[in-house]
Amino acid sequence: MRLLLLPFLSLLLMMSCKDTPKEDTTTDNTPAEKEVMTPSIPTNPLKNVYWGDQHLHTAWSADAGAAGTRLGPEEALRFARGEEVISATKQKAKLKRPLDWLAVTDHSDGAGVIMSVINGDAEVMDDPIVAQYHEDMEAGGEKAAAVMMDLINRQSNNNLPPVFTDPEFAKSIWLKNIDIVEKFNDPGKFTAFIAYEWTSNFGGGNNLHRNVIYRDGGDIARQMSPMTTFDSENPEDLWKWMANFEAKTGGSLLAIPHNGNLSNGLMFKNTAFDGSPLTKELATLRNKYEVLYEITQGKGTSETHPILSPNDEFANFELWDKGNLVMVPKTKEMLQTEYARKALKDGLKLESELGVNPFKYGFVSGTDSHTALTTAEENNYWGKYASSEPSAERWSEKALDFPSGFVRGWQLGASGYTGVWATSNTREALWDAMKRKETYASTGPRMTVRFFGGFNYTDADIADANSVQIGYDKGVPMGGDLKTAPEGKAPTFLIHAVKDPTSGNLDRIQVVKGWLDASGNTHEKVYNVVWGDADKRSLDAKGNLPPVGNTVDVKNVSWENTIGATELKTFWQDPDFNPTLKAFYYVRVIEIPTPRWTTFDMKNYNLTMTDDVPRTIQERAYTSPIWYNP
């Protein structure tokens, strides 16, 4: 493939070079960061983007270990920081570019038990179900895969063998996990978060999972064992547990809900968990502890859906919309409370009623890989389960197989990574950036994206060599809030994106706006604000833009960066602004078409795939919103 050279100056401006830090005058209405920086750790008040994965499973997760994964948290951390490891299928695996941080989020339910089952340890073999698990996993293949499906099904229906719910065993595994994570945490160089996944599959596979991320170290985390769904499947109880943890330990936590597309309508219900009216107390708890949302991952993208956004030409992207986690069928009505954009709009409405917005989410991404290998690149795709590691068969296998339905391997996506704008690569700085929502989600490419909002930006500001400083001085970054507009002014935005040097050029940048009208109805609009090949493409009367084109050579799995742009930046002002109406804005950056992982497999294994398997993909990034609150 032919790649064009990135403009060096633009990259320096975007990254805000560490050698020339400037005074931080951010006005993002969030509390000052609590950390005290160590002088030896490089810091940048204008912040750098740090890439990581907030959602990764190892062999210590029951479904991962049952499916054949044998790498634990230590191997996962080694891999994320750039070391070569041997995968579950005995292949050499290595990231082409190391990550800056990682959260290993093994399930708190039955954590580590599966390794004792695999090893046939005497203390767990008395149970005939467990003994059969051991025998089937020893056999491998379809029998081992069936163990994973059975565990997911049993966990979803509260029917696990007793050893999986033993709190003392779980505590011992938690302490071991903390020790491993502490060993790999290297402030300033690589951040390892203490974390776990709370795995509610309420009602039989309705995915309400949350990743719980700790700001602090082992001295805090050791004081309480993680919450499990054996305690409660109700997310409201998780938020109360988090509040109790913070009160007892002095630590800080946040919870990241998984992609809501597998919740069968439960993720963003406008009621309390039990169906009663939502209270201000519950909305406040959710607003405090759930500030981020996983908008894309291996099991699909849940930004929006064509049924919800019929005028959005990019809404039909890597969708899983057939059922919940165990493939219980979905109805169209369930889509209304599963997707991020609709939730953001509903949040505006609930805020008007309750005084608090329970769906005020910034955006992150995660791989949700169950292999201990955090990869999100199409050309270095290591699958999401041991059975979907590189092989000629993985595209057509049944990646998830339940009595109510199945998912083919090709339907798994390579997504995704999270970019965090932080002052340094430390737990405290990264966590604080997550808390203030200065984050963006990518389906894989590490494009650099800045997004600022205010009322006093000018067209000259985006071209200024100090545009980042100006962005903070005059307004707020992604994740921030704008108050009532000054008389006669509309929100203005500075938007800047630079392509990933190893990926496709940029097709366009869009601003997605949602708002609440005076009658209590919500609306949305997608604006094309800047695009590549502007000398050849222009907006029509409805604001639509012609496609960028497609240079992908499927047979040779290549493309040419002769279309699109290496960098896009613009000053944009809302042309439809009403100063009396609540609104939000977020940026979506879209690449030109490039080969999907399935196309790389076609060449690598000399395969012919069915026509329903996508050959290309338009990778993208989603920034956290900026809210307008009159």
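**Figure 1. Helix H6 and the lining of the second largest pocket in the predicted model.** In this predicted model, H6 contributes seven residues to the lining of the second largest pocket, which is the largest share that comes from any element. The pocket holds about 430 Å³ of space. A total of 19 residues line the second largest pocket, and those closest to its centre are Ala67, Gly141, Glu142, Ala145 and Ser387. Besides H6, strand E12 (398-402) also gives two or more residues to this lining. Sorted by class, the lining residues of the second largest pocket comprise 10 nonpolar, four polar and five charged residues.

Figure 2. The lining of the largest cavity has 13 polar residues, together with nine nonpolar and five charged ones.

**Figure 3. The second largest cavity, with helices H10 and H11 in its lining.** The second largest cavity contains about 180 Å³ of space. Of the 17 residues that line the second largest cavity, Glu236, Trp239, Thr271, Phe273 and Arg286 lie nearest its centre. Helix H10 (235-249) and helix H11 (280-289) each provide at least two residues of this lining, and the largest share, three residues, comes from H10. By class, the lining of the second largest cavity consists of 11 nonpolar, two polar and four charged residues.

**Figure 4. An open sheet of three strands, E10, E9 and E11.** The strands of this open sheet follow the order E10-E9-E11, and their pairing is mixed. Strand E10 (300-301) and strand E11 (362-365) are the edge strands, each of which pairs on one side only. Strand E9 (residues 292-297) pairs with E11 in the parallel sense, over four bridges. Within this pairing, tyrosine 293 has phenylalanine 363, in E11, as its bridge partner. In general, the strands of a sheet pair through backbone hydrogen bonds, in either a parallel or an antiparallel sense.

**Figure 5. The whole chain, as context for the close-up views.** The secondary structure of the chain amounts to 16 helices and 27 strands. Taken along the principal axes, the C-alpha atoms of the chain fill a box of roughly 75 × 60 × 55 Å. The radius of gyration of the chain is 23 Å, which agrees with the value near 25 Å that a compact globule of 630 residues would have. Of the 630 residues of the chain, 63% count as buried. When contacts in the chain between residues at least 6 apart in sequence are considered, 76% of them join residues at least 24 apart.

Terms used. Residues are numbered from 1 along each chain as its sequence is written. This is a predicted model: local features need pLDDT of at least 70, side-chain atom pairs count only at pLDDT 80 or more; totals for chains, interfaces and linings use all residues. Side-chain values use heavy atoms; hydrogens and water are left out. Ala, Val, Leu, Ile, Met, Phe, Trp, Tyr, Cys and Pro count as nonpolar, Asp, Glu, Lys and Arg as charged, and the others, Gly among them, as polar. On a 1 Å grid over the protein atoms alone, a cavity is a set of points where a 1.4 Å probe fits but cannot get out, and a pocket is an open set with protein on both sides within 12 Å along at least five of seven lines; lining residues have an atom within 4 Å of a point. Grid points are joined across faces, edges and corners, and a volume is the space filled by probe spheres set on the points. Two strands pair if DSSP finds at least two bridges between them. The radius of gyration is taken over C-alpha atoms; the globule rule is 2.2 Å times the number of residues to the power 0.38. Buried means under 20% relative accessible area, exposed over 50%, partly exposed in between (1.4 Å probe, protein chains only). Contact means heavy atoms within 4.5 Å.
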